[in-house]
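Have a look at the sequence and the fold below.

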Amino acid sequence: MQAIVFNYTGPANSVLKLQELPTPKPDNGQVLIRTVASPIQPADFLFIEGNYRISPVFPQPAGLEGFGEVISVGEGVSKKKIGEFVAFRAPGAWAEYVVASENRIYRAPDSLLPEIACQFALNPLTAWGLLDHASLVTNDRLLLTAGKSIVASILAKLALGRGIHPFLLFREDDGYRVQNLMEGSETGRHETIAEALQETQMHPFDAIIDAVGGVNTPELMDVIKPGGKMISYGILDPSEMSIAASKIIFKNLTWIGFGVDQWLSHASALTIDSAQLDIWQLLKTSPEVLPVKDLFDRKDFLEAIAFTHDRSTHGKVILMANKH
């Protein structure tokens, strides 16, 4: 099979190459998938650079998620799975074929385009899992950092559907704004996060879900209610931070780190079924929450990777088995 492979870690445009590899065979509890579409995500670059929670095994096909057709199954998997089109999460997604665990495949609705369905297993599941971790109820207030991100957009829609009040904190023109989605209002632009959040301090948040981290984390904790939660899931700002223990102790805050793979490993089958039901329904009614920047044939991966860094357009670049 053809695969986009790296034999050592490093920058994607330097270490990746198109290479012939043996087609993998599914083991117990696994399925073999003919890959149709795979998105290019920031996590893919971390994986290729050796900085992700999943370690590569060389020669390693790149890619961590996608969409395709189940063509064979291993022991312990029903043969009824054969022929199903599924979203999946598994290392090696940028290849003609990939093996995935049965518990990491998600049957896709027939009505969804491959370029939408292939994005299911990372950002939408992450958003649903984060909201699940937050344990919020109707009328609770939720602040989402990196407010223009895809995860924040999905989180906001899921929260609104549950009667939770989402607020988006985002950077704009070298300043910061906070948007109240329930009321459709927005603060003015402020130079610092602390200033942008000052307008919210009279009504603190029940939870904050943070994709950024870094030096502004203490300012976020200042606007959480006593007994509230801070959930960190990203490191857009990888700088070290300094936080007084009193910020956490005296307000009885809970601070949680979140990774989707760990969450999936511990979530019950009922929880995963609920997540799939909610997410597929959202994607059928609002596919725009997963914007697509462009489609590229898999063999044109270097051009596709270069286009991911073009900031003039929003969305994900998708590698297709056959663009035409």
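In which loop is Pro-59 found? Pro-59 sits in the loop between α2 (42-49) and β4, and a cis peptide bond joins Phe-58 to Pro-59, with omega at about -5 degrees. Helices (H or I, at least four residues) and strands (E, at least two) are DSSP runs here, numbered from the N terminus.

A word on ground rules: this is a predicted model, where local features need pLDDT of at least 70 and side-chain atom pairs count only at pLDDT 80 or more, while totals for chains, interfaces and linings use all residues. Residues are numbered from 1 along each chain as its sequence is written, and side-chain values use heavy atoms, with hydrogens and water left out.

**Sheets**

β4 belongs to an open sheet of three strands, ordered β2-β1-β4 with antiparallel pairing. Two strands pair if DSSP finds at least two bridges between them. The edge strands, each pairing on one side only, are β2 (16-20) and β4 (60-61).

There's also an open sheet of seven strands, in the order β12-β11-β10-β9-β13-β14-β15, and its pairing is mixed. Its edges are β12 (185-186) and β15 (254-257), each with pairing on one side only. Here are two strand pairs:

| Strand pair | Sense | Bridges | Residues opposite each other |
|---|---|---|---|
| β1 (residues 2-6) and β2 | antiparallel | five bridges | Ile-4 and Leu-18 |
| β14 (residues 224-232) and β15 | parallel | four bridges | Ser-232 and Gly-257 |

Asn-139 has a positive phi of about 75 degrees, although it is not a glycine.

Eight residues from domain 1 and eight residues from domain 2 make the contact, meaning heavy atoms within 4.5 Å.

About 540 Å² is buried between domain 1 and domain 2, and carbon and sulfur atoms give 76% of that. Buried area is the accessible area (1.4 Å probe) that two parts lose on being put together, summed over both.
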